[in-house]
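Visitor: I would like to learn how to read side-chain pairs and chain contacts in a model of this kind. Could you take me through them one feature at a time?

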Amino acid sequence: MNLLRTLCLPALLVVLAACSSSGPAPAPVATPPGVGDVRLQQSTGTPVAEQVLDIGVLVFANGASASDGNRFGDWVYDEVRENERHLLPFTLRNTLLESNQWGAVRVLPQSDPSVDLLISGAILTSDGTGLVLQVHAEDSTGRVWLDHTYRDSTAETDFPQVRELRRSTAAEARVMEEPFADLYAQIANDLLNARQQLSTAQLQEIQQVSLLVYANDLAPESFAYMLEGDDAGRITAASLPAANDPMMARVMDMRRRHYLFIDTVDEYYEALHEQMQSPYLIWRRYSFDQELEEQRALDRAQGQGKYSSTSGYLTLTQRYDRYRWSKIYEQEFRELASSFNREAAPAILELNQQVRGLNGTLEEQYIQWRRILRELFRLETGDIAPLPASQQD
Amino acid sequence: MAYSFRNLPFLVSLAALLCLSMPVLAQDDLPVLDLNRPLRLDFSGSWEKDFGRSDKWEDELGRMLRIRQEQAARQQAGLSSGSGPAVSLGNINLNSGRDGVSIIDLARLAEYISRQTTLNIIQDEEHIRIERRGEAPLICSLEAGPLETFSSPHGSEICGWDQQQLVFVITLPDELVIRHRFSVAADHEQLRVLTSISSRGSAPFNLTQSFTPYDEPAESFDCVLTLSRGRVCSKGTPLP
């Protein structure tokens, strides 16, 4: 058995070494067109009441692995992606607020029944040269506003020098400008365009349904009959409560408390964003350089195949040195990824430890909070029977 | 006295129990073996080249050329074993590969690659990291592998274990293959690195280097790379 292993392993290594340089290329992924230069459509005045929709931006999903998963040690890039999932939604949230077209815009760890419009996203690609986001926006009635993949790419001028970044503080907005601002502006403009397609009555219905959906989340036995769903997943208000309905007054009171909670959660994401903004921008700047260097290496390698057919000592050492330097460069880049993760770790830890009296990650705390609110609602309305198991989470 | 004698068997038993439990207590200090992980010899530490025991590339090249000359002579005398390329005395086939890479160039490249005189190896329960001045570290898992550790348009690297020997295979363009095979003595007194270079399936040029452990002076500063502040160093543990 040992002899077999002795003979087989080196052979296997050689076979794999040969395969690694000439293996089949992965299937190409359809690349959406870039968003180009986009100007954010901002409102100078205060939007009318029915247009002031509350938006929740969910922590993004990881649409694709940050590494190809084949190379040993590449998990460090997956950890970077894990941190990006919490950082990028906040940039979208800021852009939406900057447009001055909406009500409250908050980053949320979980799907929330209290918001009028919920935006979910998945990061498909994210590095210094390009960002591809899959974005889905759906209002409380189940109407899909947006389901689109956005792509933006950067140029060297989109990034300040690392030296400048290290000197800057979070307050220096010019230096900290988002390299993929066009992508976020495009999402905001598309949402605005979707809203403009809706009538005043439709916008009012969204707000009415979101209140009923929230009420139903608190006490389905009292409010479920007011909502109607169809096979397509659309929800309508079958009936509306009276303006002086005391039960609904309590629901609105609970919703105010819930808003306070999700405002606090949003502040935690803001704190995370503030702490991570500078290292993240530096990381993306390095990532941009790395991508550029990889492209140059590819060009050089192709050029080498065309023009260098000699096999003397000088050629051999040049060949080895190119490999050596590309590996040194990649190791340094991996080191930078690790240091970004190291800097992000305390901020992420803080994010998950913020809410006193609640345990676990922010997502788990959020679930606990909603359960507490339901319990509180039952107590306040005099229904002190234990919560059914189906509503525990 | 009667009291003491009456309790003697109990005291003896207690003493015996304590004695028996001593090794158990001592064993508590030993690291717990994880049998799910492969057992590996310890490569860690600082190593310096032992020039006396290491190959000199010129000598190794001379030896290879002598073998080829002898082969050629045997062929001329009709004593060919039937295997290997035809060799003539006038031209002892210095251009060993199909693409004409000469064995001399392979030998010089082996010397260029193996020029470091010290190695620093860090090994934990999961990874081994071999640091060489002027080179990217060679990093591998302690699992059997093989694992791809690097790939770029300029070459790729794979590592794995051949029993207790750690093997790295680097494939450069035009089928130039470099293999590093690390083996360590069980008493941790010697580390050997065999570097083999071949081109397009040619016979490899082998160069063996030997290393012995040495005590590297402790670093004065512990440095860590941060993105926002660059390299940040703090005073290391003072020397005793």
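Guide: What follows goes through confidence, the interface, salt bridges and aromatic rings in turn.

Visitor: What are the overall scores of the model, ipTM and pTM?

Guide: This is a predicted model, and its scores are ipTM 0.75 and pTM 0.72. For chain B the mean pLDDT is 79, with 74% of the residues at 70 or more.

Visitor: Over which residues of chain B does pLDDT stay under 50?

Guide: One such stretch is residues 18–26 of chain B, where the model has 0 contacts beyond four places in sequence. Another is residues 87–93 of chain B, also under 50 in pLDDT, although there the model has 16 contacts beyond four places in sequence.

Visitor: How is an interface described, and what is the area buried between chain B and chain A?

Guide: The size of an interface is often given as the accessible area lost when the parts come together. Between chain B and chain A about 4,600 Å² is buried, and carbon and sulfur atoms give 63% of that area. On the chain B side, Phe150(B), His154(B) and Leu227(B) lose the most area to chain A, and together they make up 19% of what that side buries. Counted by residues, 56 of chain B are in contact with 50 of chain A.

Visitor: How many salt bridges are there between chain B and chain A?

Guide: The count between these two chains is 2, while the structure holds 22 salt bridges over all chains. In one that crosses between the chains, the side chains of Lys327(A) and Glu157(B) meet at 2.6 Å, N to O, and the pair runs from helix 8 of chain A to strand 6 of chain B. Both partners are buried, because Lys327(A) has a relative accessible area of 3% and Glu157(B) one of 1%, where buried means under 20%.

Visitor: Which parts of chain A does the salt bridge of Arg284(A) and Glu178(A) tie together?

Guide: The side chains of Arg284(A) and Glu178(A) meet at 2.7 Å, N to O. Arg284(A) counts as buried, at 1% relative accessibility.

Visitor: How does one describe aromatic rings, and how many aromatic pairs does a search of the whole structure find?

Guide: A pair of aromatic rings is described by the distance of the centres and the angle of the planes. Over all chains the search finds 11 aromatic pairs. For Trp283(A) and Phe340(A) the centres are 6.2 Å apart and the planes stand at 15 degrees, so the pair is stacked. The two residues are 57 residues apart, Trp283(A) in helix 7 and Phe340(A) in helix 8 of chain A.

Visitor: How are Phe43(B) and Trp161(B) arranged as an aromatic pair?

Guide: Their arrangement is edge-to-face, with 5.8 Å centre to centre and 70 degrees between the planes. Phe43(B), at a relative accessible area of 0%, is buried, and Trp161(B), at 2%, counts as buried.

Visitor: Where does Arg108(B) lie relative to the ring of Tyr313(A)?

Guide: Arg108(B) lies over the face of Tyr313(A), 3.9 Å from the ring centre. Within chain B, Arg115(B) lies over the face of Tyr112(B), at 4.5 Å from the ring centre.

Definitions and conventions: Residues are numbered from 1 along each chain as its sequence is written. Chains are lettered from A and ligands numbered from 1 in the order in which they are written. This is a predicted model: local features need pLDDT of at least 70, side-chain atom pairs count only at pLDDT 80 or more; totals for chains, interfaces and linings use all residues. Side-chain values use heavy atoms; hydrogens and water are left out. Rings of Phe, Tyr and Trp (its six-membered ring) pair if their centres lie within 6.5 Å; planes under 30 degrees apart count as stacked, over 60 as edge-to-face and the rest as tilted. Helices (H or I, at least four residues) and strands (E, at least two) are DSSP runs, numbered from the N terminus. Buried means under 20% relative accessible area, exposed over 50%, partly exposed in between (1.4 Å probe, protein chains only). A charge sits over a ring if NZ of Lys or CZ of Arg is within 6 Å of the ring centre and within 35 degrees of the ring normal. pLDDT is the predictor's confidence in each residue, from 0 to 100. Contact means heavy atoms within 4.5 Å. Buried area is the accessible area (1.4 Å probe) that two parts lose on being put together, summed over both. A salt bridge is a side-chain nitrogen of Lys or Arg within 4 Å of a carboxyl oxygen of Asp or Glu.
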